[in-house]
Amino acid sequence: MLLFGTQRILDNGHLEVGGCDAVELARAFGTPLYVVDEELLRTRMREYLAAFRGLYPKVAIAFAGKAFLCTAMARIVEQEGLNLDVASAGELHTALAAQFPAERISLHGNNKSIAEIELALDSGVGRIIVDNLLELERISAAAGARGVVPHLLIRCAPGIDPHTHRRIQTGQDDTKFGLNIRSGAAMEAIRKCQDDSALHFAGIHCHIGSQLMDASCHEQAIEIMCAFLHEIRESTGVEVEELNLGGGLGIRYLEEQNPVSVEEYARAIVTAVRGGLARYGLKEPMLGQEPGRSIAGQAGLTLYEIGAVKKVPISEAPGYRSYVNIDGGMSDNPRPQLYDAVYHAFVANRANEPADTSVRVAGKHCETDILIQETRIQAPETGDILAVQGTGAYNYAMASNYNRIPRPAVVLARDGSADLIVRRETLDDLIAQDIIPERLAKTPAGNTN
Ligand code: LLP
């Protein structure tokens, strides 16, 4: 069984996380329920800081808020001394509402609206990562009007092919993200930025993909980025202040997956960066990292209640398949549908029994909504609590109201107590934004018009 962080199995067979009995959490807060192991979350943040700081003097580690953000999460990121990367006005608003220091926030996005740019400038975010030339013009106009000089990183497409699911590749040539290095688009943006007194060129950025099992693709990107740092110095005379390499380190979702540790990853990145800098005799820039999944992923799990367990005849042995129906699905975790993502699950109230029953875990949406195609769990019964591991990143963040299902609550478990950090949506929340125009109003009884 795959257990992470503070998780352990109690003598009564219940899963414990953050010192809390998961079965009691499900009873107290309802299901589906996202449970976050605060200690593991903080441990990962500290590991990142320690691993990079131990090897390279000038590092800035930002948590990628897209992986998991709510106001309490922003507070934890702030307390642990990480910066925060946001990718929309909504994420920025969340961070500001949690009093996250604006100068430690960087704004991403490949199509930032003028309103998003203005909010970023008015709140004084530390960095804006520029995706395209239109954006550069918009930032320049808005900054000029305000008399502020924002610090900009130019997002580069290094043109490499990361080995990960095609929907989470971002660093190749044929991508919507950033400005291509080979075509000269990135250099053009840098020159424009340098020539514009309303803007400060602070550095270059790339993010090549997500759920990468080692740093080999990053190493390729680093070579290209270091060559580009050299090219920038040659043609503009500027030694770039900051080199940000995005995020992307993967996590173990299943026992057989073996991503490198944060320490190994940091060592590989720093070695490659130092090698690249030495090759061209470049000064050490600030090294930026933006991990999301590798900080939040394993710190989260989802608890579901098992409903109907159905035996469906199939042609292969053993002649039937057990469908375990849960009370959530693609609205709280769309990743299997989008990326063929895989998950480890077990029965959280009888975790000490053998996982000897082959099942398919099905969501409750009105379509083929399979959360886990095939896994072995403890013989499931209606009313059992199913724990699905590794849902801390890109689950709550990507949740929807498909089928008008309220989004689950999020609780933060630590040292035996659990705090609600996102309350469960109610049925009334689902209709809170709905409007019935006058002409559709229900006519009083008896009026047949
Ligand atoms: N920085 C930038 C600019 C990014 O676009 C991303 C992720 C990150 C950092 C953080 O990457 P991480 O360390 O989490 O791999 N929804 C997909 C993942 C999309 C990632 C998008 N960008 C999933 O559920 O797998």
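At what angle do the axes of helix H5 and helix H6 cross?

Modeller: Bear in mind that this is a predicted model, where local features need pLDDT of at least 70, side-chain atom pairs count only at pLDDT 80 or more, and totals for chains, interfaces and linings use all residues. Residues are numbered from 1 along each chain as its sequence is written, and side-chain values use heavy atoms, with hydrogens and water left out.

On to your pair: H5 (residues 114–123) and H6 (residues 133–146) have axes that cross at roughly 45° and come within 10 Å. That makes H5 oblique to H6 (under 35 degrees would be roughly parallel, over 145 roughly antiparallel, 65 to 115 roughly perpendicular, and the rest is oblique). Axes here are lines fitted to C-alpha atoms, for helices over the stretch in contact, with angles from 0 to 180 degrees between N-to-C directions; helices are DSSP runs (H or I, at least four residues), numbered from the N terminus.

As for handedness, H5 passes H6 in a right-handed crossing (the near helix is turned clockwise from the far one by less than a right angle). Who touches whom? H5 brings Ile114, Ile117, Glu118, Leu121 and Asp122, while H6 answers with Glu135, Arg138, Ile139, Ala142, Ala143 and Arg146, contact being heavy atoms within 4.5 Å. Sorted by class, that contact has 6 nonpolar and 5 charged residues, and no polar ones (Ala, Val, Leu, Ile, Met, Phe, Trp, Tyr, Cys and Pro are nonpolar, Asp, Glu, Lys and Arg charged, the others, Gly among them, polar).

Definitions and conventions: Helix = DSSP H or I, 4+ residues; strand = E, 2+ residues; numbered from the N terminus.
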